Amino acid sequence: MDLALLYSGGKDSSLAALLLDTFYDVTLVTAHFDVTDDWKHARDAALELGYEFETLELDHDVAESAATRMVEDGYPRNGIQQVHEHALESVCGMGFDAVADGTRRDDRVPSISRAQAQSLEDRHGVDYLSPLSGFGRSAVDRLVESHLHVETGPSEEIPKADYEGELRTLIATEHGPDAVEEVFPAHVQSYVHGRR
């Protein structure tokens, strides 16, 4: 069966791919808004891991709406959730048997409720999988440490292809660089450089 996994090039979505490829023909799909070329980081990580890779361009209006919401809220949570839900809806239309993401049990955002998952499955005729939903942060970190080569560091310095990079760019363009600092707290990101 063919599966599309939303992919950022980070440790969570990379570990999700490793867990799923025993059962599915996994294609890593990076959803983007064509604001930056950050998607190339995910492509490079996918090649290092040996998976098929595709990109999916999302509706730019969703990015604008999410960026505005983040600035109004003063934090990224609701905007990231909005973008992730749009990305899942979009990838469901690509013709795969199943779709998945790298959300973990402890993630506050993005997260997909049971009702949202059932709605995706019913409306699109796909299986929705979240293989890390039973794993806490420490379990993920231990598995990643033993199976992947990972670079970690401050979010603004790590090459990655998650939604955050493009949303940071939009916010800086529309609201100025200081708005980016106000919206996004300092946090650590990861980027995968291959298997161990």
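A pocket is an open set of grid points, where a 1.4 Å probe fits, with protein on both sides within 12 Å along at least five of seven lines; its lining residues have an atom within 4 Å of a point. In this predicted model, the largest pocket is lined by 36 residues. Its volume is about 1200 Å³.

**The largest pocket**

- Asp12, Asp107, Val109, Pro110 and Gln189 are the lining residues that lie nearest the pocket's centre.
- The lining divides into 13 nonpolar, ten polar and 13 charged residues.
- Four helices, α1 (11-20), α4 (77-92), α6 (137-147) and α7 (163-175), each supply at least two lining residues. Strand β7 (188-195) also supplies at least two.

**The nonpolar cores**

- The largest nonpolar core holds 33 residues. Val91, Leu167 and Ile171 touch the most other members.
- A second, separate core has 27 residues, including Leu3, Ala17, Val26 and Leu132.
- Leucine 167 touches Ala63, Ala66, Ala67, Met70, Ile80 and Val83, leaving aside residues up to four places away in sequence.

**Helix α2**

- Ala42, Ala45, Ala46 and Leu49 are buried in helix α2, which spans residues 39-49.
- Seen down the axis of α2, these buried residues fall within an arc of 100°, so they line one face of the helix.
- An α-helix has 3.6 residues a turn, so residues three or four places apart point the same way.
- Leu47 and Glu48 are exposed, on the face of α2 turned away from its buried side.
- The cover over the buried residues of α2 includes α1, β2 (25-32), β3 (52-57), β6 (148-154) and β7.
- Glycine 50 follows α2 and has a positive phi, near 85°.

**Glycine 79**

- Glycine 79 has its place in helix α4.
- With a relative accessible area of 0%, glycine 79 is buried, because buried means under 20%.
- Not counting residues up to four places away in sequence, glycine 79 touches Ala66, Arg69 and Met70.
- Glycine 79 and leucine 18 are 61 residues apart along the chain, and their C-alpha atoms are separated by 28 Å.

Methods: Residues are numbered from 1 along each chain as its sequence is written. This is a predicted model: local features need pLDDT of at least 70, side-chain atom pairs count only at pLDDT 80 or more; totals for chains, interfaces and linings use all residues. Side-chain values use heavy atoms; hydrogens and water are left out. On a 1 Å grid over the protein atoms alone, a cavity is a set of points where a 1.4 Å probe fits but cannot get out, and a pocket is an open set with protein on both sides within 12 Å along at least five of seven lines; lining residues have an atom within 4 Å of a point. Grid points are joined across faces, edges and corners, and a volume is the space filled by probe spheres set on the points. Ala, Val, Leu, Ile, Met, Phe, Trp, Tyr, Cys and Pro count as nonpolar, Asp, Glu, Lys and Arg as charged, and the others, Gly among them, as polar. Buried means under 20% relative accessible area, exposed over 50%, partly exposed in between (1.4 Å probe, protein chains only). Contact means heavy atoms within 4.5 Å. The arc is that of the directions from the helix axis to the C-beta atoms. A nonpolar core is a set of buried Ala, Val, Leu, Ile, Met, Phe, Trp, Tyr and Cys residues joined through side-chain atoms within 4.5 Å.
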